[in-house]
Amino acid sequence: MLVALTGGIGSGKSYIMRLFEGLGAKSIYSDKINASLLQEKSYIIGLKKLFPTCFNGETLDKRALRNLIFSSECDRKKLNEYSHAKIMQRIKDSVSKDGVTVCEIPLLSEGNFRACFDKIIYVDAPDAVRVRRICERDGVTEEEAAAAIRAQVTERENKNFADYVIINDGDPTDEVRRIYDILCATE
């Protein structure tokens, strides 16, 4: 069974993933897949063609790209169109036939990949908690963190399509265990 774990930036998806892994779920991280793509010359060449101002010579300025995509819906769509199909193919290639595989995929709706998953889990948290997490993790200002949250406003649509919603503002361990037990029983 392939399960999407999604939610907006700073919602705590990685923490929830570690809880699922601790229970025995296999895991796939789309951000790690993206990181491996960023090591591939052909992928970088494609990025440079799309976003030449985000490069210093041949080196991608990730912060410049991040600022660009969080400030321009058009550029965000260009990046998503370029990267999502490549990421989803790698996810499909990584899925185990047995057991529950949970895939952390932050931009599920922006890639139109809902149909690729058997179940969807949406992780949510209050915006103030998300801003604090983003600032601590990424070393950005509160304004930059809030802009990142606003840029992903369509991601909240996934809550409407989710089979399960985890509110991650306390200790979600029992809820994760309950959901994992259900997934294993229906797998």
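**Reading the fold**

Modeller: Helix 2 lies across strand 2 and strand 5, and runs at about 50° to strand 2. Here helices (H or I, at least four residues) and strands (E, at least two) are DSSP runs numbered from the N terminus, contact means heavy atoms within 4.5 Å, and axes are lines fitted to C-alpha atoms, for helices over the stretch in contact, with angles from 0 to 180 degrees between N-to-C directions. This is a predicted model, in which local features need pLDDT of at least 70 and side-chain atom pairs count only at pLDDT 80 or more, while totals for chains, interfaces and linings use all residues. Residues are numbered from 1 along each chain as its sequence is written, and side-chain values use heavy atoms, leaving out hydrogens and water.

Biologist: What is the order of the strands in the open sheet?

Modeller: Two strands pair if DSSP finds at least two bridges between them. The open sheet has five strands in the order 2-5-1-6-7, with parallel pairing, and its edge strands, strand 2 (26-29) and strand 7 (164-167), each pair on one side only.

Biologist: Is arginine 130 buried or exposed?

Modeller: Buried means under 20% relative accessible area, exposed over 50%, and partly exposed in between (1.4 Å probe, protein chains only). Arginine 130, placed in helix 6 (residues 127-138), has a relative accessible area of 3%, so this residue is buried. Leaving aside neighbours within four places in sequence, arginine 130 is in contact with residues including Gly8, Ser11 and Gln152, and its side chain reaches the backbone oxygen of isoleucine 9 at 2.8 Å.

Terms used: Polar contact = N/O pair within 3.5 Å; in protein donor to acceptor, adjacent residues only side chain to side chain.
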